[in-house]
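The sequence and the model are shown first, and the notes follow by topic.

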Amino acid sequence: MNPVAALRLPLNADLSGFVTLLQRLQIPHRVSEEVGEQVLWVPDAGELVQDVRELYERFPQGDEAFQLPGSTQAPVTGGPGVMHQLRRCPVTALVLLVTLLVAGLTLLGDNLEAIRWLTFLDFRIQGDYATFLPLDDMLASGQWWRIVSPMLIHFGILHLAMNGMWYWELGRRIEIRQGSWQLLGLTLLFSAVSNYVQYLSSGPSLFGGLSGVLYGLLGHCWIFQMLAPNPVYRLPRGVLAMMLIWLVLCLSGLVSMLGFGEIANGAHVGGLIIGCITGLLGGALARRKA
């Protein structure tokens with residue numbers, strides 16, 4: 001049974017008393033936060049939605065004595081389904097869809113003719129070697145998309161699956177909290193910065209993936225949450241520590257020694273730094289508005 005949005009209220013509305021009333025009446029519910037508002041979800045069960053709306057009109061702060069007829073009979077339901085989340089997070093879904101299409105087009109790194117149109121620098125294959133063209137020549141010829149397009153390239157199914165999973169987890173949080181356009185802007189910014197830092201650190205080379213963007217999203221949520229706490233940016237326990245430990249292991253060279261291939265450490269560090277900066281700015285603004 002699909003949940004239905006029974007109430008949409010401003011972020012500053014205090015729902016604690018009303019939520020306590022719903023809990024006492026054993027009415028299944030869930031409160032989430034969308035762009036600029038908080039949403040109360042209840043099961044789509046008969047007239048329950050209308051009953052809850054009328055209940056809120058009468059007791060917005062809750063009531064210790066009121067009983068809602070039939071409230072204990074409402075079936076338990078989970079949160080919004082996958083399709084509902086896709087509709088709420090179109091940019092997150094679009095980035096993942098384009099990434100999947102590119103993975104198919106490039107055969108996960110095996111189709112070099114397709115990959116060369118998306119790499120940071122164009123290249124030519126000469127025998128067993130790749131010759132990269134200068135960055136200035138690329139920009140002068142109008143190939144500005146190369147600044148961000150490497151984020152769409154993935155080398156192997158594990159690389160694609162892990163990056164896709166974390167972009168879904170982090171991207172939709174930002175899209176729900178700050179909106180689709182801000183997620184799109186942050187994604188492009190983090191991609192541009194992380195790609196350029198990787199280019200500066202490794203020189204002309206073949207690299208790609210969403211991981212630089214992911215570390216940007218992580219840093220953004222991390223610092224934003226410290227300055228302006230919000231349920232949407234509250235990451236699962238251990239996620240931050242795990243990703244930072246992974247970053248340190250990659251920087252140490254241990255991951256490459258274990259056979260995971262070359263790691264784009266410059267992209268990871270660059271993404272994390274720019275993400276922390278945007279989180280600092282965004283969190284400070286949100287705190288001032290609160």
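**Helical segments, cores and salt bridges**

Residues 239-260 are 95% helix and 0% strand, with the end C-alpha atoms 21 Å apart; helices (H or I, at least four residues) and strands (E, at least two) are DSSP runs, numbered from the N terminus. The model is predicted, so to speak of local features a pLDDT of at least 70 is needed, side-chain atom pairs count only at pLDDT 80 or more, and totals for chains, interfaces and linings use all residues. Residues are numbered from 1 along each chain as its sequence is written, and side-chain values use heavy atoms, with hydrogens and water left out.

**Annotated segments**

- The unreviewed UniProt entry lists residues 91-109, 144-168, 180-200, 206-227, 239-260 and 266-286 under "transmembrane region"; such annotations may be inferred rather than shown by experiment, feature names are shortened, and positions are given in the numbering used here.
- Over residues 266-286 the chain is 100% helix and 0% strand, and the end C-alpha atoms are 30 Å apart.

**Nonpolar cores**

- The largest nonpolar core has 37 residues, of which Y167, I174, V213 and L217 touch the most other members; a nonpolar core is a set of buried Ala, Val, Leu, Ile, Met, Phe, Trp, Tyr and Cys residues joined through side-chain atoms within 4.5 Å.
- Two or more residues of this core come from each of helix 4 (90-105), helix 7 (157-178), helix 8 (180-202), helix 9 (211-227), helix 10 (239-252) and helix 12 (265-289), and helix 9 gives the largest share, 7 residues.
- Another core, of 18 residues, lies apart from this one and has F18, V19, L25 and I27 among its members.
- Not counting residues up to four places away in sequence, Y167 touches T92, V95, L96, R172, L183, T187, L210, V213, L214 and L217; contact means heavy atoms within 4.5 Å.

- S194 lies in helix 8 and counts as buried at 2% relative accessibility; buried means under 20% relative accessible area, exposed over 50%, and partly exposed in between (1.4 Å probe, protein chains only).
- Beyond four places in sequence, S194 touches G212, V213, G266, A267 and G271.
- I115, in helix 5 (residues 112-115), is buried with a relative accessible area of 0%.
- Leaving aside neighbours within four places in sequence, I115 is in contact with T106, G109, D110, F123, I153, F155 and L206.

**Domains and their contact**

- The protein is divided into domain 1 (3-58) and domain 2 (82-289), with bounds that come from an automatic or database domain assignment.
- The C-alpha centres of domain 1 and domain 2 lie 36 Å apart, and the contact takes 5 residues from domain 1 and 10 residues from domain 2.
- Domain 1 and domain 2 bury about 550 Å² between them, 47% of it on carbon and sulfur atoms; buried area is the accessible area (1.4 Å probe) that two parts lose on being put together, summed over both.
- In domain 1, E33, E34 and V35 lose the most area to domain 2, together 75% of what that side buries.

**Salt bridges**

- The whole structure holds 10 salt bridges, each a side-chain nitrogen of Lys or Arg within 4 Å of a carboxyl oxygen of Asp or Glu; 2 salt bridges are counted between domain 1 and domain 2.
- E34 and R88 form a salt bridge with the closest N and O atoms 3.1 Å apart.
- D122 and R146 meet in a salt bridge (4.0 Å, N to O), and both residues are buried.
- A network of salt bridges links E113, R116, D122, R124 and R146.
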